[in-house]
Amino acid sequence: MKLLTTSALALTLGVTGAMAQDAPSSDELAGMKGDLIRSRDITDAEIYTTNAADDEGWDDADYTAVDPEWNQIGEIEDLVLSKDGKMIGIVAEVGGFLDIGDKHVALSVDDVKLVPVDDKSFVYVTRYSEEQLEALPSVDEGFWD
């Protein structure tokens, strides 16, 4: 599953919005080295909240670094792919302490933005508060069966 996630993520993020017929060849993928992100560079990374209202410029925002005013509210547990390999969301681990009392929730790609920390690591930021995330339905292991 990790290999599938990594491969699909590379294709999804490397060629944003590309359709199957526009997917790069294996040779082209090799040439895109600097433009690709592996799932292991994202999973277990932190999730931040902007601490802003849900509608305050979210759609137009382009975040290039972690803002010191953001609060770290969870970690990226997994990536969610559709059966056609398109990344459609993430699973966030929120709440709890040291994996006790935490909860896994799914967030749509529309509700998160990828933010680079450096050349090799990334975080996600969401417009949702910690309370809003904890109120979302749980997608723990039983959800996927």
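1. Quick definition before anything else: rings of Phe, Tyr and Trp (its six-membered ring) pair if their centres lie within 6.5 Å. This is a predicted model, and by that cut-off it holds two aromatic pairs.

2. Take Y48 and W70 to begin with. Their rings sit 6.2 Å apart, centre to centre, with 50 degrees between the planes, and the pair is classed as tilted. Y48 belongs to strand β1 (residues 46-49), while W70 is in the loop between β1 and β2 (71-81), so this contact ties together parts that are 22 residues apart in sequence.

3. As for burial, both partners come out on the inside: Y48 is buried at a relative accessible area of 13%, and W70 is buried as well, at 8%.

4. W70 also pairs with Y63, and here the geometry is edge-to-face: 5.1 Å centre to centre and 85 degrees between the planes. Planes over 60 degrees apart count as edge-to-face, so the 85 degrees settles the label. Y63 is partly exposed, its relative accessible area being 23%.

5. Put together, Y48, Y63 and W70 make one aromatic cluster. W70 takes part in the tilted pair with Y48 and in the edge-to-face pair with Y63.

6. One more ring to look at while you have the model open: Y128. The charged end of R127 sits over the Y128 ring, 6.0 Å from its centre.

Definitions and conventions. Residues numbered from 1 in each chain as written. Predicted model: local features only at pLDDT ≥ 70, side-chain atom pairs only at ≥ 80, totals over all residues. Heavy atoms only, no water. Phe/Tyr/Trp six-rings, centres within 6.5 Å; stacked < 30°, edge-to-face > 60°. Helix = DSSP H or I, 4+ residues; strand = E, 2+ residues; numbered from the N terminus. Buried < 20%, exposed > 50% of the residue type's maximum accessible area, 1.4 Å probe, protein only. Lys NZ or Arg CZ within 6 Å of the ring centre and 35° of its normal.
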